[in-house]
Amino acid sequence: MSNHQYLGLHHVSLLVSDLSRSIDFYLRVLGLEQDHTRPDMAFPGIWLNLGSQQIHLICLDRTSAGSVADHPGRDAHFAISVKDINKIVEELKREGIAFQMSKSGRKALFCRDPDGNAIEFIERKIG
């Protein structure tokens with residue numbers, strides 16, 4: 001796959017155990033700003049702006065059924081902005097790599113690298 005497909009790092013997601021405590025730390029202590037474009041999701045969280053990138057805080061129990069093991073988007077992960085999500089789909093299918101499309105309706109997908117690290121690819125239009 002050509003490197004010109006990738007636009008850059010979009011966000012890093014962190015698992016947090018106490019969302020209120022984390023919000024206080026990131027908003028009040030560090031002075032980051034909340035990004036209010038987070039869609040309604042099946043789990044609590046907050047998106048924070050960090051320049052042109054973001055930090056996504058996800059409040060999920062690491063041991064609960066249906067969280068970390070089942071869906072890479074509910075695990076600590078990093079996200080890469082891409083020009084065309086369909087090209088990523090084609091490449092992952094060609095290589096036989098399992099992936100899941102975002103359940104939020106965004107043009108995004110999640111997969112894992114060979115060591116199980118979660119990666120999100122999210123389409124961003126340029127220009």
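I count two rings of Phe, Tyr or Trp (its six-membered ring) as a pair if their centres lie within 6.5 Å; planes under 30 degrees apart are stacked, over 60 edge-to-face, and the rest tilted. This is a predicted model, where local features need pLDDT of at least 70 and side-chain atom pairs count only at pLDDT 80 or more, while totals for chains, interfaces and linings use all residues. Residues are numbered from 1 along each chain as its sequence is written, and side-chain values use heavy atoms, with hydrogens and water left out.

**Entry 1: aromatic pairs**

I searched the whole structure and found two aromatic pairs. The rings of tyrosine 6 and phenylalanine 121 have centres 6.4 Å apart and planes at 35°, so I noted this pair as tilted. It links distant parts of the chain, with tyrosine 6 in strand S1 and phenylalanine 121 in strand S8, 115 residues apart. (Helices, H or I of at least four residues, and strands, E of at least two, are DSSP runs numbered from the N terminus.)

Are these two residues buried or exposed? I use buried for under 20% relative accessible area, exposed for over 50%, and partly exposed for in between, with a 1.4 Å probe and protein chains only. Tyrosine 6 is partly exposed at 29%, whereas phenylalanine 121 is buried at 8%.

Phenylalanine 25 and tyrosine 26 form an edge-to-face pair, 5.0 Å centre to centre with 90° between the planes. Phenylalanine 25 is partly exposed at 38% relative accessibility, and tyrosine 26 is buried at 15%.

**Entry 2: the sheet**

Next I traced the strands, calling two of them paired if DSSP finds at least two bridges between them. I found an open sheet of eight strands in the order S2-S3-S4-S1-S5-S8-S7-S6, with mixed pairing. Its edge strands are S2 and S6 (99-101), each of which pairs on one side only.

S1 (residues 6-16) and S4 (residues 53-59) pair in the parallel sense over six bridges, and valine 12 stands opposite isoleucine 55 in S4.

I then followed S8 to its neighbours. S5 and S8 run parallel and are joined by six bridges, with valine 82 opposite glutamate 123 in S8. S7 and S8 pair in the antiparallel sense over five bridges, and here phenylalanine 110 stands opposite glutamate 120 in S8.

How many residues of S8 are buried? I counted six of its six. Ala118, Glu120 and Ile122 lie on one side, and Ile119, Phe121 and Glu123 on the other.

**Entry 3: helix H2**

I looked up which residues of H2 are buried: Ile85, Ile88, Val89, Glu91 and Leu92. Seen down the axis of H2, they fall within an arc of 170° (taken from the directions from the helix axis to the C-beta atoms), so they line one face of the helix. They pack against S1, S5, S6, S7 and S8, where contact means heavy atoms within 4.5 Å. On the other side of H2, I found Lys93 and Arg94 exposed.

At the start of H2, a side-chain oxygen of aspartate 84 reaches to within 3.0 Å of the backbone nitrogen of asparagine 86. After H2 comes glycine 96, with a positive phi near 70°.

**Entry 4: a loop residue**

Last, I visited aspartate 40, in the loop between S2 (33-35) and S3 (45-50). Aspartate 40 is exposed, with a relative accessible area of 77%. Its C-alpha atom is separated by 7.4 Å from that of serine 104, 64 residues apart along the chain.

Methods:
Polar contact = N/O pair within 3.5 Å; in protein donor to acceptor, adjacent residues only side chain to side chain.
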